[in-house]
Amino acid sequence: MKKIISLLLALAMVLVFAGCGAKEPTKTPDADKTVKANVFMISGPTGIGAVNLMSADEAGTAKGDYEFTVVANPTEIVAKISNKEADIAAVATNMASTIYNKTNGGVTVLAVNTLGVLNVLTNGTEINTLADLKGKKVYTTGQGANPEYVIDYLLEKNGVNPDTDVDLQFKAEGTELVSVWATDPTAVIIAPQPVASSVLAKYKGSKLAIDLTDEWDKVGENSALMMGCVIVRNEFLNANKATVDLFLEEYEASIKKATEDLDGTAALCEKYGIVAKAAVAKKAIPASNICFVTGNEMKTKLSGYLAVLFAADKKAVGGKLPADDFYYEK
């Protein structure tokens, strides 16, 4: 009897240890797990590149999980980032720098999504170079903001004093530029996209004379005219890097598709309120210089661009240039 009991106890011990050996190890949190990201886009050129991803998300075919919101006023993004409603957002590059400074380095720029969107338009007046603007009346928008700094810089680089050599007339809203030639047909217009396409569509014989992105490339040493980007809250980035990297992967594909499928992208721009009409979007997209620039190229060219704005007006970038941690590196 004792032998039987001893055998049973031995067998029980074997089963216990066997069970211990089969037990799965305690798992650490899955570093590759993704979460929903609240993504804010601005209507206009900086939002164009996202529409194909917005469509995929709506259809349930996107790899990631996103909640997209489109706003018309860029200043709304500042509040959305501050109160943590926005995880990822498209903003002007100088606004990204300003938010970085206001939040004590609380955001990171992930990618540049838009180069220059400013075009010189003429309606019978012959303009071939920026030097030809001497003595001309020029209507534009963005006084005290990115457009004014860009225009002043490029005029000066082309030997034109923006204060004395040209009569710059600023409109409060870009849409006001559409009616300029109705009262002043000989004037020159510097308009952003998609307003520029709307102006050209309205006046037969008008033309896009100069793309300011090309002009910047001629004179902007170690920089590029990088006007739009996507940023992320660092708190969200640090906790959800896999989500951010997946977004960048899908966002890059969305931008690529925007350049390849003009009709489809234009229709989506109207659907999601990025551009009012698909017909206008179709004309504006090729001239909007949408892009996907990351890593060292982004850091080198964007930091150079922000340095130009800083030299013009420190307030343009939030008082100081951002540190190296402003630029995302995988």
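Two strands pair if DSSP finds at least two bridges between them. Helices (H or I, at least four residues) and strands (E, at least two residues) are DSSP runs, numbered from the N terminus. The model shown here is predicted, so local features need pLDDT of at least 70 and side-chain atom pairs count only at pLDDT 80 or more, while totals for chains, interfaces and linings use all residues. Residues are numbered from 1 along each chain as its sequence is written, and side-chain values use heavy atoms, with hydrogens and water left out.

View 1. Let us start with a pair of strands: strand 3 (residues 88–92) and strand 10 (residues 228–233) run antiparallel and are joined by five bridges. Now widen the view to the open sheet, where six strands are arranged in the order 2-1-3-10-4-11 with mixed pairing. Strand 2 (66–71) and strand 11 (290–293) stand at the edges with a single partner strand each, so one side of each has no neighbour in the sheet. From one strand to the next, the twist averages 30 degrees. As you trace a strand, keep a handy rule in mind: in a regular strand the side chains alternate between the two faces of the sheet.

**View 2. Strand 4 and its two partners.** How many residues of strand 4 are buried? Eight of its eight residues are, so to speak, under cover; here buried means under 20% relative accessible area, exposed means over 50%, and partly exposed is in between (1.4 Å probe, protein chains only). Strand 4 pairs with strand 10 in the antiparallel sense over six bridges, and valine 107 has arginine 233 of strand 10 as its bridge partner. Strand 4 also pairs with strand 11, again in the antiparallel sense, over two bridges. There, threonine 114 has isoleucine 290 as its bridge partner.

View 3. Helix 4 (residues 75–82) lies across strand 1 (37–42), strand 2, strand 3, strand 4 (107–114) and strand 10. The helix runs at about 145 degrees to strand 3. Axes are lines fitted to C-alpha atoms, for helices over the stretch in contact, and angles run from 0 to 180 degrees between N-to-C directions. Contact means heavy atoms within 4.5 Å.

**View 4. Helix 3 crosses helix 11.** The axes of helix 3 (residues 51–59) and helix 11 (residues 241–260) come within 7 Å and cross at roughly 115 degrees. Helix 3 brings Val51, Asn52 and Leu53 to the contact, and helix 11 brings Phe247, Glu250, Tyr251, Ser254, Lys257 and Ala258. Five of these contact residues are nonpolar, two polar and two charged. In this count, Ala, Val, Leu, Ile, Met, Phe, Trp, Tyr, Cys and Pro are nonpolar, Asp, Glu, Lys and Arg are charged, and the others, Gly among them, are polar.

**View 5. Helix 14 and its cover.** Helix 14 (residues 295–312) has 18 residues and reaches 26 Å from its first C-alpha to its last, close to the 26 Å expected at 1.5 Å a residue. The expected span is 1.5 Å times one less than the number of residues. Which residues of helix 14 are buried? They are Met298, Leu302, Gly304, Tyr305, Leu306, Val308 and Leu309. Their cover includes helix 5 (93–102), strand 4, helix 6 (146–157), helix 9 (212–219) and strand 11.

**View 6. Cysteines without a disulfide.** A disulfide is a covalent bond between the sulfur atoms of two cysteines; the search takes a pair of cysteine sulfur atoms within 2.5 Å. Across the whole structure, zero disulfides are found. The sulfur of cysteine 269 has its closest cysteine sulfur in cysteine 291, 15 Å away, which is too far for a bond. For the sulfur of cysteine 291, the closest cysteine sulfur is in cysteine 229, at 10 Å, also too far for a bond. Cysteine 269 is buried at 0% relative accessible area, and cysteine 291 is buried at 11%.

View 7. Most residues other than glycine have a negative phi, and most peptide bonds are trans. Lysine 84, in the loop between helix 4 and strand 3, has a positive phi of about 70 degrees although it is not a glycine. Asparagine 104, in the loop between helix 5 and strand 4, has a positive phi of about 55 degrees. Lysine 84 is partly exposed at 47%, whereas asparagine 104 is exposed at 74%. Between strand 8 (188–192) and helix 8 (195–202) sits proline 194, and the peptide bond from glutamine 193 to proline 194 is cis, with omega near 5 degrees.
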